[in-house]
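Subject: Structure handover

Hello,

Here is the structure I promised to pass on. Please open it first, then read my notes below.

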Amino acid sequence: MKLNETATLFSGGTDSTLTAALMAEQYDKIHLITYDRFAFSSVTNPKINVKKLQDKYGKDKFEFHIIKVEKLTRFVFYERYLQNIRKHGFFLLTICGLCKLAMHIRTVVFCLENKIPNVCDGANQGMHLFPAQMANVIKEYGDMYTRYGITYSNPVFKYEGPQNIEFADRLHLERILPSEGGEQPVACSRETKANTTGRKLYELGLMPSENVKGTELDRKMQPRCFQFILFNVFVHWYYLADHTYDEYQDATVDFYRDKIRALTTHLDDFVNNGTKSRIYKLLER
Amino acid sequence: MAFVLCGIGLILPWKLRCIYIEILGWITQFIHLTYIVILKFIIKELEKAKAEKAKYEAQ
């Protein structure tokens, strides 16, 4: 076992970049894994931040991998499809969560094949609508990894979500608001004091400003994916229109617990039967 | 409307679903960018008007 190595699910965004930077202080080697499939584009964008990390912590510290997960993702989405529609309905459209689940399954395989006992990612409490960033779903992932002797952690989970990203803030309305006397509106003069991943990256010298989320730079650091559109339609427009967040969270955890359990049987098959397993046939090298 | 959009997504096979969402994404981007362009134009004109007013009052 390579106890001094870890694998990091790496999108190139601020959260996963800070995760990688924090891991550089603890491990000798960090495997940065970016996944690729149909409907992703610009998957080499994370190289921008890989270079920054290598420049700061050493070239040998980080190994960057782009791994295809097209077949595996399709399997994760559609396994026991009719049964899942009856039981979980439109939760099958939590695309971002299912995509992440496929990535986690592939990461388990990567770690088993390369004898790496540690995995981390940039899951953050601020993104609480995304299944893979909900505390109770993360716990299910943790249990799944533990089953195979792998430690799963989320070093940036407790960081606060980015401040000052409201639409009105980006327009800098102070340019047109009356300037004779009186106070400036709070929204225009708000300063970032929160403990965000962006702020920490700025302090480490890895980002040019405290908050790059949603900017052109942010878009150029990560692969492009529009799949979240249907996920947002389902969550905001359909489900949360008639349900509370707690109901959404409970239903999400139920669905992912079910999914993880089903896919764990396939991972067990991979561990026991190797090349004869269903998972092995879905791997793309 | 959300039910229809979600329903279509649910019944489509993998690649068609990805293409469907991509189309939805580009439509959303188009509406969003059109809104942004119009809004920024309005703000720019208001800024110009504010500058002219200040110039007039200074005279």
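Which residues in helix 11 of chain A meet helix 1 of chain B? On the chain A side they are L230(A), V233(A), F234(A), W237(A) and Y238(A). Their partners in helix 1 of chain B are A2(B), F3(B), L5(B), C6(B) and G9(B).

Some ground rules. This is a predicted model, where local features need pLDDT of at least 70, side-chain atom pairs count only at pLDDT 80 or more, and totals for chains, interfaces and linings use all residues. Residues are numbered from 1 along each chain as its sequence is written, and chains are lettered from A and ligands numbered from 1 in the order in which they are written.

Back to that helix pair. Helices are DSSP runs (H or I, at least four residues), numbered from the N terminus. Contact means C-beta atoms, placed from the backbone, within 7 Å. The axes of helix 11 (residues 228–239) of chain A and helix 1 of chain B come within 10 Å and cross at roughly 145°. Axes are lines fitted to C-alpha atoms over the stretch in contact, and angles run from 0 to 180 degrees between N-to-C directions. The residues of this contact divide into nine nonpolar, one polar and no charged. Here Ala, Val, Leu, Ile, Met, Phe, Trp, Tyr, Cys and Pro count as nonpolar, Asp, Glu, Lys and Arg as charged, and the others, Gly among them, as polar.

The contact between the chains takes 20 residues from chain A and 18 residues from chain B. Helix 2 of chain B gives the most to the chain B side, with twelve residues. That side has eleven nonpolar, three polar and four charged residues.

Next, the core. The largest nonpolar core has 75 residues. Such a core is a set of buried Ala, Val, Leu, Ile, Met, Phe, Trp, Tyr and Cys residues joined through C-beta atoms within 7 Å. Buried means 20 or more other C-beta atoms within 10 Å; exposed means 12 or fewer, and partly exposed is in between. L230(A), F234(A) and I105(A) are among the members that touch the most others. Helix 5 (residues 95–114) of chain A gives the most to this core, with eleven residues. Not counting residues up to four places away in sequence, I105(A) touches L72(A), V76(A), L263(A) and L267(A).

Last, R74(A). This residue is found in helix 3 (residues 70–78) of chain A. R74(A) counts as partly exposed because 19 C-beta neighbours lie inside 10 Å.

Best wishes

Note on methods
Contact = placed C-beta atoms within 7 Å. Helix = DSSP H or I, 4+ residues; strand = E, 2+ residues; numbered from the N terminus.
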